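Let's take a short walk through a protein model, one piece at a time. Keep the picture open while you read.

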Amino acid sequence: MPKLQGFEFWSRTLRGARHVVAPMVDQSELAWRLLSRRHGAQLCYTPMLHAQVFVRDANYRKENLYCEVCPEDRPLIVQFCANDPEVFVQAALLAQDYCDAIDLNLGCPQMIAKRGHYGAFLQDEWDLLQRMILLAHEKLSVPVTCKIRVFPEIDKTVRYAQMLEKAGCQLLTVHGRTKEQKGPLSGAASWEHIKAVRKAVAIPVFANGNIQCLQDVERCLRDTGVQGVMSAEGNLHNPALFEGRSPAVWELAEEYLDIVREHPCPLSYVRAHLFKLWHHTLQVHQQLREELAKVKTLEGIAAVSQELKLRCQEEISRQEGAKPTGDVPFHWICQPYIRPGPREGSKEKSGARSKRALEEEECGTEILSKNKQKKQLRNPHKTFDPSLKPKYAKCDQCGNPKGNRCVFSLCRGCCKKRASKETADCPGHGLLFKTKLEKSLAWKEAQPELQEPQPAAPGTPGGFSEVMGSALA
């Protein structure tokens, strides 16, 4: 049976999905997808997976996709980041039996995507993207889709989308922000770009950006004409967004923790989800925020969540009949988080710098990033001062630290490849290919019985025909 394409794929395989949970690194794992599906999500994506790692690492495949068969986790689209057509297709071939489509990430704007040369940092390499999509379209048994960010110019964005469609993309998700719009500089997503793309292509389009509640979903569908709406941050703060509800945080937190017990995932994922769900309450109860950051077990996280619930319920009982106070008076219900803009961010403590600035400089020693601050909280004796860290000479081939005693001036991985290819030794890395080969040859020469037997003359006792004859007899 030929694979479905375009609108037929969307209507039959994806069941006409309109409410979509975005692919989110370490956040759209199985447990969270199941929670979202229970509360109105009709289609989910896996977290972004690294195609090259997926190809070479069986454990990575097992942890992220092969963990167990879960019939209720469909329809499902697996997303990969990649910059090589062959590697992308190899990874997709390994994943296609576990999903309904393969998505190429062309939207990630983070610094790690810039360093790895994938995501939104491929959007100017149209020849490469054409080859990647075309090869995947030809080789895969499931459709290939793409998630993109826009260019500042609407007409260039439209031509970009048409190029991907022509190459074989069967569904396009358009995030209405440029790759420069991230963090404090996010701003509003342009639905005008999305609307223009929808009118210009003949495949289904999903919209992404500015989605905080069900009313936003309905307005986006109406204003842009897209087939579906995707939510990322809105979904993280309120998994019941697509139901149009704002339940008590503890209701969804407890439900999520129950699912995690049945479908385990790394504790870091669980902690991150609880930080999002309890975001507004944790601004009030800072001490419990620190507790949640430190706790090292699932039951410990559940205990902190339970304490937050009790404190909220006490606050509710005190406020009965009284006027709510505070910036977020009903902080115990699931609600959107409005990301502060650059001006608001500049009002923070003097000397503080944005994460963006820290990423670009990569050398700030006075102010640590939030991630490093958390690590220092867990390990006060750890130093993050680059001047105190040892300097390593780099491998001549890959840039990783090289072995100090390597005869080739390479890291161990590159040294092993070269020593094997040249049958050479590197005592510094403990690689003895030449020595082992010489020992093997010397041992074979010392064992005469291992020499190839000379064929016996016809009729001579012990000849092959006589031995076989006696054996058959």
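Is the crossing of α2 and α12 left-handed or right-handed? Bear in mind that this is a predicted model. The crossing of these two helices, α2 and α12, turns out to be right-handed.

To picture a pair like this, you want two things: packed helices are described by the angle between their axes and the distance between the axes. Here, α2 (residues 30-38) and α12 pack at about 130 degrees, and their axes lie 9 Å apart.

Who does the touching? Here are the residues on each side:

| Helix | Residues in the contact |
|---|---|
| α2 | Ala31, Trp32, Leu34, Leu35, Arg38 |
| α12 | Leu252, Glu255, Tyr256, Ile259, Val260 |

Sorted by class, the contact of α2 with α12 has 8 nonpolar residues, 2 charged ones and no polar ones.

Now for a loop. Asp73 sits between α4 (58-64) and β4 (76-81). With a relative accessible area of 4%, Asp73 is buried. Setting aside neighbours within four places in sequence, Asp73 is in contact with Leu30, Arg33, Leu34 and Arg37.

Finally, look at α16, which runs over residues 298-319. Its 22 residues reach 32 Å from first C-alpha to last, close to the 32 Å expected at 1.5 Å a residue. Among the buried residues of α16 are Ile301, Val304, Leu308, Lys309 and Glu315. And what covers the buried residues of α16? The cover includes α12 (249-262), α13 (267-277), α14 (279-284) and α15 (286-294).

Methods: Residues are numbered from 1 along each chain as its sequence is written. This is a predicted model: local features need pLDDT of at least 70, side-chain atom pairs count only at pLDDT 80 or more; totals for chains, interfaces and linings use all residues. Side-chain values use heavy atoms; hydrogens and water are left out. Helices (H or I, at least four residues) and strands (E, at least two) are DSSP runs, numbered from the N terminus. The expected span of a helix is 1.5 Å times one less than its number of residues. Buried means under 20% relative accessible area, exposed over 50%, partly exposed in between (1.4 Å probe, protein chains only). Contact means heavy atoms within 4.5 Å. Axes are lines fitted to C-alpha atoms, for helices over the stretch in contact, and angles run from 0 to 180 degrees between N-to-C directions. A crossing is left-handed if the near helix is turned anticlockwise from the far one by less than a right angle, and right-handed if clockwise. Ala, Val, Leu, Ile, Met, Phe, Trp, Tyr, Cys and Pro count as nonpolar, Asp, Glu, Lys and Arg as charged, and the others, Gly among them, as polar.
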